[in-house]
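I opened this model to look up a few local features and to note what can be read from them. My entries follow in the order in which I looked.

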Amino acid sequence: MKKLTSTQETLRAAMISRRSLIKASAALGAVGFASPLYVKNAFSSSGELNLLMWSDEFPGEVIPNFEKASGIKVNQTPFSQNEEQINKLQATGGEGFDLCQPTLNRAPQYKDLNVLAPFDTSKLTNSSNILPSMMDGSAKLWTWDGGLYHMPHCWGSEALSYRTDLYKGDPAQLSYGSLWDEEVKGHVQGRPHSYLLSIGLWWDASGKMPTNRMLDGYKDEDSFKKVWDPILAFAIEHKAWVKQFWDSADNTKSGLMENDVWIGLTWDGPPLSLKKDGKPVNYTAPKEGAIAWVDGLSLMKSAKNVDQVYAFLNYLETPEASAAVAEGSGYNPVVTGADALLSDVAKKNFQEAFPGDALKNLWPWPVEPAWYAEIRSQYADKFKAA
């Protein structure tokens, strides 16, 4: 295995920790959920909270249970991609929001926005519940000017989902190269930039184009172009394989269930939610390794409802709330003890998504400076427009 940066090592440790938690959970047995969730701490009893949020990371009763327990109204503004959130914050200067939801590796971009405020950690009374490796990841990347700007919320991955009744390949031999097999031409979905990354990971693993698992492209713009130019050329040449470019969790689901997609590169939450509902869908890490991410919560400089922010965070940092986020979304909890509260179906789906040593082969998104995000978007746009 190629050498990882210290940041990737931190993220990998955070994610691998779930395997040990699942083993412990199996011994504890399914405990079930309280409804509404039992809240030990006294929350603010009134007011509101303006949340800029990933569209599928507060599922089911997560927010309604908080509103019932606290008396605080949560005003929700959903988004589907980091770029959408960043553009919104650039346009508004953060005005109108109390909390936003950055992905861990985007720290340099959000620092440059200059719209965030550091947390008062003395008010984060349940932060000790967060898995130490997860908290360490946020602290390492999101501490500047003496303050902490990010709290973990959930983690997930991006790998291969497929229709079990339509995809005829061998699930045990899945590779990112499987997206370009002749048999699936015209029936594949993915995000443009993730398509390109996965081609590079496939070529690196196969020896066709060694790139230190694509990390060489993070050095500078010239290195990026050297790595990504042949990848982009291949993707454009094989554009006919693409049935759709998805841009949201809902769009991913509709591709699989309504738009004749047989296989694709997707987040884990949407297909695992479908699988949990009994649909003919599966999700698994390919031989090159699943792409991993961590989403969190950050306080806005412009926040008008600060007490309510801390009430909400202290609620989310309980095992019950973190488990409810994971159970409803198909993503993974970040709070110690949350796994013990997951259903047997959710535990089984996770284990099937990461068979054998798959967790040891994760590819966590490296830190993305602004120059990288900008040039990658240009390449993704070229692929999409071809």
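Entry 1, a covered strand. I began with strand 11 (residues 281-284), where V281 and Y283 on one side and N282 and T284 on the other are all buried, so that both faces are covered; buried here means under 20% relative accessible area, with exposed over 50% and partly exposed in between, for a 1.4 Å probe and protein chains only. Helices (H or I, at least four residues) and strands (E, at least two) are DSSP runs numbered from the N terminus. I then found that strand 11 pairs with strand 7 (residues 151-163) in the antiparallel sense over 4 bridges, where pairing requires at least two DSSP bridges between the strands. In strand 11, T284 is the bridge partner of L160.

Residues are numbered from 1 along each chain as its sequence is written, and side-chain values use heavy atoms, with hydrogens and water left out.

The protein chain averages a pLDDT (the predictor's confidence in each residue, from 0 to 100) of 91, and 88% of the residues score at least 70. Over residues 19-42 pLDDT stays under 50, and the model has 38 contacts beyond four places in sequence for them; a contact means heavy atoms within 4.5 Å. Where pLDDT is low, the predicted coordinates should not be read in detail.

I looked up S302, which lies in the loop between strand 12 (291-300) and helix 10 (306-316). S302 is buried, with a relative accessible area of 10%, and, leaving aside residues up to four places away in sequence, S302 touches G94, E95, G96 and F97.

A pocket is an open set of points on a 1 Å grid over the protein atoms alone, with protein on both sides within 12 Å along at least five of seven lines, and its lining residues have an atom within 4 Å of a point. The largest pocket has a volume of about 340 Å³, volume being the space filled by probe spheres set on the points. Of its 14 lining residues, Q81, E83, P192, H193 and D381 are the closest to the centre. Helix 13 gives the largest share of that lining, 6 residues. The second largest pocket has a volume of about 280 Å³, and its lining includes E83, R106 and S377.

Technical notes
This is a predicted model: local features need pLDDT of at least 70, side-chain atom pairs count only at pLDDT 80 or more; totals for chains, interfaces and linings use all residues. On a 1 Å grid over the protein atoms alone, a cavity is a set of points where a 1.4 Å probe fits but cannot get out, and a pocket is an open set with protein on both sides within 12 Å along at least five of seven lines; lining residues have an atom within 4 Å of a point.
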